[in-house]
Amino acid sequence: MDGIPPIALDAMGGDNAPGEIVAGAVRAVREHGVPIVLVGAPPPIAEILAEHDAIGEIPIVRAEEALTMDEGALASLRRPRSSIALACHLVRRGDASAVVSAGSTAGVVATAKLRLRAQQGVLRPAIAVPLPTRPHPTVLLDAGATADAKPEILVQFAHLGVAYAETALDLVEPRVGLLTIGGEAGKGNKLTKRAHELLTAVPGMNFTGNVEGHDLLNGEVDIIVTDGFTGNVALKTMEGAVRYAFAELRETLESGRLSRLAAGLQRGRLRELSKRLDPEAYGGAVLLGLNGTVIIAHGSSTAKGIAAACVLAATLARQGTVASVGDRVAATQRPHRLW
């Protein structure tokens, strides 16, 4: 992936940092040709690079601090020299094309907002997560960046999602749905009822109406819009349900000779299903609405997930997703600020 500055990878963020993070960087460079710069404490990073015979292959930018996984939004102010802060700084001054971190979501969001700033006209950023639907992923946003949203912000989330789907998924006139408690227009709370009214009136928006929780994986829409609180709960509920279902399926298929035989006959389809539902295969979530590409990988990411996140970051940087989002927002009437 020549032609772009390197991806700034937060080597100290995540449950498995820095070991799996550095290993993922090595995979991204060697298997996918993604340029990487590791940001963090040089001694442990260099030691892990040596284990992979990669000394000198990936540069290191020193960071004196790191956010812990239990730190929240205030960490962006408490730790101005953290690895995620310096990674964002590299993007801001043009020395990196994107940021990837598996660190605390609240800390990454707050730091990225502070360091990269919102694009002109963007009221609140949104975390966009791909859901494993067919024939292409469905984009859920917001998944946790903005817990308390106004109806006008949900409309802007729809614009962010459309720009992302058009650029990253190559969709034309992507279908937009609003997550609430019923399919009828009048269902929901004050937030979703008013958002429904506003979305219906947006020129050129392919708004198909409300969707419910059981619609998350049916692929009837391309973009599902909600506030960050609801979206995060929905996403984690879905992930937990998928893990439970796979555990039960595995136990059933291993329970007897005939079951194991049947599983062997369906090994290919089971492997494909497992790959499609594996969160690490998608690389992570995208923080939309800032002046820079930011990928938030799962906190428990292994080297496989980190490599996928770096590939996603490089792809979005090459596609100009940030510029596409900015153009989409600029083309819409800027909502009146509510605070």
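Student: Which elements do the buried residues of helix 2 pack against?

Tutor: They pack against helix 1 (19-32), strand 2 (36-40) and strand 3 (60-62). Contact means heavy atoms within 4.5 Å. Helices (H or I, at least four residues) and strands (E, at least two) are DSSP runs, numbered from the N terminus. This is a predicted model: local features need pLDDT of at least 70, side-chain atom pairs count only at pLDDT 80 or more, and totals for chains, interfaces and linings use all residues. Residues are numbered from 1 along each chain as its sequence is written, and side-chain values use heavy atoms, with hydrogens and water left out.

Student: Which residues of helix 2 are buried?

Tutor: Buried means under 20% relative accessible area, exposed over 50%, partly exposed in between (1.4 Å probe, protein chains only). In helix 2 (residues 42-51), the buried ones are Pro42, Ile45, Ile48 and Leu49. Seen down the helix 2 axis, they fall within an arc of 135°, so they line one face. The arc is taken from the directions from the helix axis to the C-beta atoms. Turned away from that buried side are the exposed Pro43, Glu47 and Glu51.

Student: What comes just after helix 2?

Tutor: Asp53, with a positive phi of about 55°.

Student: How many residues of strand 5 are buried?

Tutor: In strand 5 (residues 126-131), 6 of 6. Ala126, Ala128 and Pro130 cover one side; Ile127, Val129 and Leu131 are on the other.

Student: Which strand does strand 5 form a hairpin with?

Tutor: Strands pair if DSSP finds at least two bridges between them. Strand 5 forms a hairpin with strand 6, with 6 residues between them. The two pair antiparallel over 3 bridges, and Pro130 stands opposite Val139. Another 3 bridges join strand 5 to strand 10 (residues 285-288), also antiparallel. There, Ala128 stands opposite Val286.
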